[in-house]
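Good morning, and thank you for coming. I would ask you to have the sequence and the structure in view while I speak.

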Amino acid sequence: MINFDFHKYVSNYIKKEDKVEYLEKAREIKSRFIDGDLKYWNKLDTFVSSQEFKRIISVSDYIKSNCDVFLVIGIGGSYMGAKAVIEALAPMYNRKKPEIIFLGTNLCSEEYYETLEYIKDKDVIVDVISKSGTTLEPSIAFSLTMDIMKEKYSDEELKQRVIITTDPEKGTLRELVNKEGYVSFTVPEQVGGRFSVLTPVGLLPIAVAGIDVLQLVQGAKSSFERVDRAIEYAVIRDIFFKKGKDVESFTVYNSKMYYFTEWLKQLFAETQGKQKKALLPISCVNTRDLHSLGQFLQEGHDIIFETVIGIDKDKKVALDKYDMELNSLNNIALDKVGLAHFNGFTPTNIITIDEKNEFAIGELIHFFILSAIVGALLIDVNPFDQPGVQEYKKLINEELE
Ligand code: PA5
């Protein structure tokens, strides 16, 4: 269950009349979700068929009992969603086997060196995820990993140890599947990287981490009930932008939600950050960042608003000194920081889940996906492309040629 408070620490900044000019466009966008070209985003069942879902579970069971390390190679949307959900929901310490390692998110030789040394003597299953199959970083990670895998395993064994998640029809990775007979999953045609966490891209690694993917998807499916809230949130963000708030901070008070804010940054930056029309997303993990960016949010330039994700009930840690649970103190901090920042010209939207579990994280994921798409449509940019990302790839490729 998600609750929204777009009023308490926002009120002075956004008036009812500010929203009027959006009504017509919002209505039109909603009808596109209900019965138009965006209907797909209201029908999550079409993302992954029930047969494919069962296959994800059975392959994840195989992975769990057949390797020490599950190496997930991918960048951007091909990695961020799985990382966010696993970090949010898996225990911090003593995680279940296999160890899940993400690679291919940079060109850092130290990280590659140390990771490849680490996996050299371990039993490894690798899942390379790239919709295009051409992205530089995962291509390099995959090729370096395969050098090691080919030394360790026969061609027959590799068929049980290499998984490729890519476009259903085209690309070099699809060609490799066809040639070598590796296990493969598809990234659905209509789903771009940053929206793909609820497809095999995210679901397989998340299932390997022992997280209940069925509940995650159920939560996401239920989120369409809140499409009006997703639209309202998109409208509020745009009004803030028009009123000079250039930056939105996604702020959390549970440190395990850090990668969720990284996913949010990617989702909104790539979906809306076009034609100089959009907000810059940043993130804070409080109360840590109150002793860092917090100073700026309180007294710096008045260009920021916050969207806080709070959690009502959390693990019980008694604080005898104050005769309360630690999480209650954390939530007092959330509220009082909201007040302090509001007084310091940084308004705050508050989105709260009852508990951090699979269902609630699924709800949040799809709520924010819907909102990011709506937000892009409100500012007349294409939600589904990322032309700016191609630019650096093109320049590097020219240099390499
Ligand atoms: O959201 C997106 O589309 C991007 O972040 C991509 O996921 C990222 O660029 C990786 O692309 P690919 O999966 O084609 O390797």
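Let me begin with a term: two strands are said to pair if DSSP finds at least two bridges between them. The model before you is a predicted one. Strand β7 and strand β9, residues 304-313, run parallel and are joined by six bridges.

Together with helix α12, residues 258-272, the strands β7 and β8 make a right-handed β-α-β unit.

Is β7, then, mostly covered or mostly open? Strand β7, residues 247-252, is mostly covered, with six of its six residues buried. On one side we find Val-247, Ser-249 and Thr-251, on the other Glu-248, Phe-250 and Val-252, and both faces are covered.

I turn now to the ligand. Of the 13 residues around the ligand, the ones that come nearest are Ser-78, Ser-130, Ser-132, Thr-135 and Glu-270. From Gln-266, a polar side-chain atom lies 2.9 Å from a ligand oxygen atom. Taken alone, the ligand exposes 380 Å², and the protein buries 91% of that.

My last topic is the aromatic rings. A search of the whole structure finds 25 aromatic pairs. Phe-195 and Phe-384 form an edge-to-face pair, 5.7 Å centre to centre, with 65° between the planes. Phe-195 lies in the loop between β6 and α9, and Phe-384 in the loop between α15 and α16, so this pair ties together parts that are 189 residues apart in sequence. Phe-195 is buried, at a relative accessible area of 1%, whereas Phe-384 is partly exposed, at 33%.

Another edge-to-face pair is that of Tyr-233 and Phe-368, 5.9 Å centre to centre with 80° between the planes. Tyr-233 lies in helix α11 and Phe-368 in helix α15, so the pair ties together parts that are 135 residues apart in sequence. Both Tyr-233 and Phe-368 are buried. Ring pairs link these two into a cluster whose members include Phe-250, Phe-260 and Trp-263. Phe-250 brings us back to β7, where Phe-250 is one of the buried residues.

Key:
Residues numbered from 1 in each chain as written. Predicted model: local features only at pLDDT ≥ 70, side-chain atom pairs only at ≥ 80, totals over all residues. Heavy atoms only, no water. Buried < 20%, exposed > 50% of the residue type's maximum accessible area, 1.4 Å probe, protein only. Helix = DSSP H or I, 4+ residues; strand = E, 2+ residues; numbered from the N terminus. Right-handed = clockwise from strand over helix to strand, strands pointing away. Near = heavy atom within 4 Å. Polar contact = N/O pair within 3.5 Å; in protein donor to acceptor, adjacent residues only side chain to side chain. Areas by Shrake-Rupley, 256 points an atom, 1.4 Å probe, with all protein chains shown as cover. Phe/Tyr/Trp six-rings, centres within 6.5 Å; stacked < 30°, edge-to-face > 60°.
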